[in-house]
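Biologist: Before I take any labels on trust, can you walk me through how they were assigned? Show me the model and then we'll go through them.

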Amino acid sequence: MGTQCTGTGSWPNCSTSTCWATPPTLDSDLSQGIQPVQGLALCTLSTMGSAEMCRDLAPEVEKLLLQPSPYVRKKAILTAVHMIRKVPELSSVFLPPCVHLLHERHHGILLGTITLITELCERSPAALRHFRKVVPQLVQILRTLVTTGYSTEHSISGVSDPFLQVQILRLLRILGRNHEESSETMNDLLAQVATNTDTSRNAGNAVLFETVLTIMDIRSAAGLRVLAVNILGRFLLNSDRNIRYVALTSLLRLVQSDHSAVQRHRPTVVDCLQETDASLSRRALELSLALVNSSNVRAMMQELQAFLESCPPDLRADCASGILLAAERFAPTKRWHIDTILHVLTTAGTHVRDDAVANLTQLIGGAQELHAYSVRRLYNALAEDISQQPLVQVAAWCIGEYGDLLLEGNCEEIEPLQVDKEEVLALLEKVLQSHMSLPATRGYALTALMKLSTRLQGDNNRIRQVVSIYRSCLDVELQQRAVEYDTLFRKYEHMRAAILEKMPLVERDGPQADEEAKESKAAAQLSEAAPAPTEPQASQLLDLLDLLDGASGDAQHPPPLHPSPGGALVYLLDLPCAPPPPAPIPDLKVFEREGVQLNLSFIRPPENPALLLITATATNSSEGDVTDFICQAAVPKSLQLQLQAPSGNTVPARGGLPITQLFRILNPNKAPLRLKLRLTYNHFHQSVQEIFEVNNLPVESWQ
Amino acid sequence: PPAGSPPHSTTASLPQHGDRGFPLAAAAAAGRAPPRPRPAAAMQFMLLFSRQGKLRLQKWYVPLSDKEKKKITRELVQTVLARKPKMCSFLEWRDLKIVYKRYASLYFCCAIEDQDNELITLEIIHRYVELLDKYFGSVCELDIIFNFEKAYFILDEFLLGGEVQETSKKNVLKAIEQADLLQEKTETMYHSKSFIGFKKAY
């Protein structure tokens, strides 16, 4: 028979020169009644048949389905499967013979029929409903196969026709999905197959695996589901690596729906972490992380941390982030949490996510009782190794914030350590100078040094020296910082303590808010500037409120601090300012004198009903410039006020660029708003000072 | 021309417009987000290659262009040959599962769909090797190199359209035997007549 053109699908190049003279057609081959020819035609059709060919030849194939010879019939059935895949409309042609074909005894025909029914059911819900009625018949076929159908020619290592079994189980899965009645019919059979299949060889395991998949997918009884999970657990102990692989993959799919059942196999899963095959250990890692819960978190973390130390590099990042996430969700105590993160940073510091630093600083900041403990541990870790950047950043920040606690020397939880002031400074300098430090890390170190100037006793010559060296650093960011810090030493010595005070806790919604993480990082880096404008303003507010009426004597106000780089004052320690939506509240003119006007515009952001944003705009339509313009405000005690830095302090004459200043008022109790303003400026070479209460504040601004 | 000329179709070897082998690739080519379609075939293709990466047999159950076939073959051969001996027989490649097993100097490599049972695919591979072994008598790579068309015949009697068609070893081998007999009969027929100028294209 044609060596020339059979296997046309397989030959790399089938050239026409090897064909017979008259081009035969598949149509005639199919109908000529010679079995081998028909077989070959069906083979070609099922491998390569295009949609048009399938449509044309469907009637021929349908006829062949009913032929007496099993050789042709089984091929015709599988060709029908292919045709349906190519042309779904042909389902109607091939659906009717199926039920009749199910009564066949020939395994090949039965197998083909089941495949055909599977294909029909997957494509059309109507067919699915139609075939639900054959579930009892399928159950019977499988039962016969399993109990009495032992025939040597179809069996593999004691399992009767595993191919047919697997195919029937697949069909049962599709028919039983979301259908109580069918699932019930299959329950007993599935239990029988699950318990009686010989699992010494792969064939048996294949059938068992398919059974497990079917049990998990249909509406099976709870006991059956537990049996299935236990089978998978047994697979995990199998010496055959392939079986362990499929077990891990399936358990991973089941861990959400049957958590407690999978939990029982946790020790085995953890053992699988030691697998040499990377794909297995990766699955074991995913599964272990999914199994962590509040009761087993300590034990699991120990195992996972041990794994982190020895795992292959491509799994490190996943393992580290998995550990951190699990620690965040289930940490029993804050100290444990800090310890865990610390351990991850020291072991796999370069592989952690970017927000780990922010998370840790936030965590430490919030645990006041653990400040001394954290700073000591971090100091020790830093002293040993300054190469892991996230660790160095956190350690630098902590040392800066809590340097005084470090030097105190008494902390019950760690052995007492005498730390010398010079050692601390030397360590920070080492970080600054090290070529391993990233620019961000050096920023942290410089800021920490600066903070220490207020935390540590004694003179600050060493710190001043370092800061002034970096004034000419090539890195612009560092240079800017160094210049500012140097200025703090020289010109603003009186404010240095206030600026470098301990940072209040940054508020966060949770691990998902990267806005917040970015903010807290920015806040950590630029925190010195933030408290400054509120500090001097706060003291003035009290003065204003104590005023009965009219100005009081103190004319000495420190000038508003020049705005810090990059608009950092926007990153105040509060919720980020949402872009103001269109405000229906009308503007209010509150002050007018000789061409100088002050207008207030009000905005109530919808997402925060307690917040009121007032923009004060000072304009000048007179002939003389307004200089040294300062506006201060006071509100009743039940409200909170924050003033942001004004855009400037000069309004040029004749409608020059106005000064704007933003007031943020928090009014959670919806108390009536009262606002007292104090203005001082120079105009026409005269110093002007005005204090007044704003009347006619619109009701919408506080209700 | 003798009766019963072998079936042949030149047009069907190329993929038709609108049907592509890997549904995701097709949709990506069309620029849409790929919807998860019905499986193209349970087994998408089977490759046999030596330890040096030489392809001995390729059976494709999905229509793909020659270029795509070459690309897939090259990538997959590289990936499988890079696996260490102690690793498991399954790997994930693109959106398919690959099941491979090495028998002597040949790698048998099948690509199956996501929802298929990997363990039964190992059995399929093993059954095919047994069939080859029974037919050739202790099959080795050379047998497959010199009698590749027989290897394809056997495969075509065992699998059809990517699905198992016959689970009885006996029946498959019987069918091959009958095909062989028919072939000999036809050839003796030709030898006995005098076909001038007609070459046997073996």
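Modeller: Let's start with what pairing means: two strands pair if DSSP finds at least two bridges between them. And keep in mind that this is a predicted model.

Biologist: Fine. What makes β6(A) and β9(A) a pair, and in which sense do they run?

Modeller: The cut-off is at least two bridges, and β6(A) and strand β9 (residues 675-683) of chain A have 7 bridges, in the antiparallel sense. So they count as paired. If you want a spot to look at, Gln632(A) stands opposite Arg678(A) in β9(A).

Biologist: Which strands make up the open sheet, and in what order?

Modeller: There are 3 strands, in the order β6-β9-β10 (chain A), with antiparallel pairing. β6 (626-634) and β10 (686-694) of chain A each have a single partner strand, so they stand at the edges, and one side of each is left without a neighbour in the sheet. On average, neighbouring strands of this sheet are turned by 10° against each other, direction ignored.

Biologist: What makes β3(B) and β4(B) a hairpin?

Modeller: In chain B, strand β3 (residues 90-93) and strand β4 (residues 96-103) pair in the antiparallel sense over 4 bridges. Against a cut-off of at least two, that counts as a pair. There are 2 residues between them in the hairpin, and Arg94(B) in the turn has a positive phi of about 50°. Trp93(B) stands opposite Leu96(B) in β4(B).

Biologist: How do you know whether Asp161(A) is buried or exposed?

Modeller: Its relative accessible area is 0%, and buried means under 20%, so Asp161(A) is buried. Asp161(A) is in the loop between β2 (159-160) and α10 (162-176) of chain A. Although Asp161(A) is not a glycine, it has a positive phi of about 40°.

Biologist: And why is Lys670(A) called partly exposed?

Modeller: The value for Lys670(A) is 40% relative accessibility. Under 20% would be buried and over 50% exposed, with partly exposed in between, so Lys670(A) counts as partly exposed. Lys670(A) is another non-glycine with a positive phi, about 55°, and its place is in the loop between β8 (659-666) and β9 of chain A.

Biologist: What makes Thr79(A) count as buried?

Modeller: Thr79(A) comes out at 0% relative accessibility, under the 20% cut-off, so it counts as buried. Thr79(A) lies in helix α4 (residues 70-86) of chain A. Leaving out residues up to four places away in sequence, Thr79(A) touches Leu42(A), Leu45(A), Ser46(A), Val61(A) and Leu160(B).

Methods: Residues are numbered from 1 along each chain as its sequence is written. Chains are lettered from A and ligands numbered from 1 in the order in which they are written. This is a predicted model: local features need pLDDT of at least 70, side-chain atom pairs count only at pLDDT 80 or more; totals for chains, interfaces and linings use all residues. Side-chain values use heavy atoms; hydrogens and water are left out. Axes are lines fitted to C-alpha atoms, for helices over the stretch in contact, and angles run from 0 to 180 degrees between N-to-C directions. Buried means under 20% relative accessible area, exposed over 50%, partly exposed in between (1.4 Å probe, protein chains only). Contact means heavy atoms within 4.5 Å.
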